[in-house]
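How do packed helices sit against one another, and what lines a pocket? Look at the structure below, then read on.

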Amino acid sequence: MTVFFFTYYVFEVPSNLLLKRLRPSIWLPTIMVAWGTVMTLMGIVQNYHGLLIARLFLGVAEAGLYPGVAYYITMWYVREEGQFRQAMFFSAASVAGAFSGLLAFAIAKMDGVGGYEGWRWIFILEGILTVIVACIAYFTIYDFPETAQFLTEDERIWVVHRLKFQDSKHSGKMVAQSEHFKSKYVLDAFTDWQIYLALISKYRCI
């Protein structure tokens, strides 16, 4: 289990940098397909070393989902609105985790089907379901407000404007946020002591 977190933590930031460069409708479903594929293959590994390697690759694939979704929400909602959506997303993940145990218990009853143990079927079926959902996501995720077809032209302008100037109501001035990427921003994040404090707090809870 622990080896999963090594690659998971390492690839979180690179994944979000790629999300910035690529379209969310492409990147998020792609890492879901990779994640589901690796999970399915975990059901057919033949030894302990194969399982460890699969867990490492699962960390690579899954690393971008949570930070990616968190970043994607900020593309559509201002800070005050995004906090509630973030909370809903993480709460839904916790609820899903609670029900996944019941699902795993039911799937484990397939022990012996096809010559596979029940625990193998848990990985195989949940991995296949993930791939199916990911394929649907290619056609259902909208990239940015600027290109959202379900919005009218006036609605697109309104959403983009309120995101760009969301800090203006606090400062009292019309100050636009910069959307240009700079490597300095990444360096600032890695040198922020609050980031490491949050990491330590999270790791102690695992």
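Axes here are lines fitted to C-alpha atoms, for helices over the stretch in contact, and angles run from 0 to 180 degrees between N-to-C directions. Helices are DSSP runs (H or I, at least four residues), numbered from the N terminus. This is a predicted model: local features need pLDDT of at least 70, side-chain atom pairs count only at pLDDT 80 or more, and totals for chains, interfaces and linings use all residues. Residues are numbered from 1 along each chain as its sequence is written, and side-chain values use heavy atoms, with hydrogens and water left out.

Two packed helices are described by the angle between their axes and the distance between the axes. Here are the values.

| Pair | Angle | Axis distance |
|---|---|---|
| Helix 2 and helix 6 | roughly 165° | within 7 Å |
| Helix 4 and helix 5 | about 155° | 9 Å |
| Helix 5 and helix 6 | about 125° | 8 Å |

Angles under 35 degrees count as roughly parallel, over 145 as roughly antiparallel, 65 to 115 as roughly perpendicular and the rest as oblique. Helix 5 is therefore oblique to helix 6. Their crossing is right-handed (the near helix is turned clockwise from the far one by less than a right angle). Ser100, Leu103, Ala104 and Ile107 of helix 5 touch Gly118, Trp121, Ile122, Leu125 and Glu126 of helix 6. Contact means heavy atoms within 4.5 Å. Six of these residues are nonpolar, two polar and one charged. Ala, Val, Leu, Ile, Met, Phe, Trp, Tyr, Cys and Pro count as nonpolar, Asp, Glu, Lys and Arg as charged, and the others, Gly among them, as polar.

Helix 4 and helix 5 cross at about 155°, so helix 4 is roughly antiparallel to helix 5. This crossing is right-handed too. Helix 4 brings Tyr66, Val69, Ala70, Ile73 and Thr74 to the contact.

Helix 2 (residues 24-42) and helix 6 (residues 118-140) cross at roughly 165°, so helix 2 is roughly antiparallel to helix 6. Their crossing is left-handed. Their contact has 16 nonpolar, seven polar and one charged residues.

**The second largest pocket**

A pocket is an open set of points on a 1 Å grid over the protein atoms alone, where a 1.4 Å probe fits, with protein on both sides within 12 Å along at least five of seven lines; lining residues have an atom within 4 Å of a point. The second largest pocket has a volume of about 1200 Å³. Which residues lie nearest its centre? They are Trp35, Met39, Glu62, Tyr66 and Ala96, out of 34 lining residues. Helix 5 gives the most to this lining, with nine residues. By class, the lining has 26 nonpolar, three polar and five charged residues.

How values were computed: Helix = DSSP H or I, 4+ residues; strand = E, 2+ residues; numbered from the N terminus. Points joined across faces, edges and corners; volume = space filled by probe spheres on them.
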